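Hi everyone, thanks for making the time. I'd like to walk you through one structure today, so please have a look at the screen.

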Amino acid sequence: MDLNDFDTQLQKNIQTLLQKNQFDPDSPAFGIAHQVVRQGIRSLSWKQSFVYLEQMEPLLRRHGLYIGREWDR
């Protein structure tokens, strides 16, 4: 899977969680989720990446939507 495929699949997975209202609208993860859907994961700052790793990635895993990070390979 190349980086574009990874980004596209991750965007779709996060969009699915947004549609299911899985993110608290008052949390930083909510805004970051929208940014990933619009601009991709590579648009995140290091602080936003930390929120992704700590809050969003576990949520993706719980819903069976996690596809792995590009640096896992």
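Let me start with Phe30, which is partly exposed, its relative accessible area being 27%. Please keep in mind that what you see is a predicted model. Phe30 sits in helix H2. Which residues does Phe30 touch, leaving out those up to four places away in sequence? The answer is Leu18, Phe23, Asp24 and Pro25. There is also a pairing across the sequence to point out: Phe30 and Met56 are 26 residues apart along the chain, and their C-alpha atoms are 9.2 Å apart in space.

Now let's step back to the whole chain for a moment. Of its 73 residues, 36% are buried. If you take the contacts with a separation of 6 or more, 55% of them are between residues 24 or more positions apart.

Back to H2, then. This helix covers residues 28-39, which is 12 residues. Which residues of H2 are buried? They are Ala29, Ile32, Ala33, Gln35 and Val36. Looking down the axis of H2, these buried residues fall within an arc of 165 degrees, and therefore they line one face of the helix. As a reminder, an α-helix has 3.6 residues a turn, so residues three or four places apart point the same way.

Arg38 is another residue of H2, and with a relative accessible area of 60% it counts as exposed, because the cut-off for that word is over 50%. Arg38 and Gln15 are 23 residues apart in sequence, with 9.7 Å between their C-alpha atoms. Just after H2 comes Gly40, which takes a positive phi of about 90 degrees.

What does H2 meet in H3? From the H2 side we have Pro28, Ala29, Ile32, Ala33 and Gln35, and from the H3 side Gln48, Val51, Gln55 and Met56. By class, this contact has six nonpolar residues, three polar ones and no charged ones. Two packed helices are described by the angle between their axes and the distance between the axes. Here H3 is residues 46-62, and the axes of H2 and H3 come within 10 Å and cross at roughly 110 degrees. The two helices are therefore roughly perpendicular to each other.

Asn21 is in the loop between helix H1, residues 3-19, and H2. Is Asn21 buried or exposed? Asn21 is exposed, at a relative accessible area of 64%. Its phi is near 55 degrees, a positive value in a residue other than glycine.

And one more asparagine: Asn13, in helix H1. Asn13 has 5% relative accessibility, so this residue counts as buried, the cut-off being under 20%. Asn13 and Tyr66 are 53 residues apart along the chain, yet their C-alpha atoms are separated by 7.7 Å.

That's the tour, and I'm happy to go back to any part of it on the screen.

Notes: Residues numbered from 1 in each chain as written. Predicted model: local features only at pLDDT ≥ 70, side-chain atom pairs only at ≥ 80, totals over all residues. Heavy atoms only, no water. Helix = DSSP H or I, 4+ residues; strand = E, 2+ residues; numbered from the N terminus. Expected span 1.5 Å × (residues − 1). Buried < 20%, exposed > 50% of the residue type's maximum accessible area, 1.4 Å probe, protein only. Arc of directions from axis to C-beta. Axes fitted to C-alpha atoms, helices over the stretch in contact; angles between N-to-C directions. Parallel < 35°, antiparallel > 145°, perpendicular 65-115°, else oblique. Contact = heavy atoms within 4.5 Å. Nonpolar A, V, L, I, M, F, W, Y, C, P; charged D, E, K, R; others polar.
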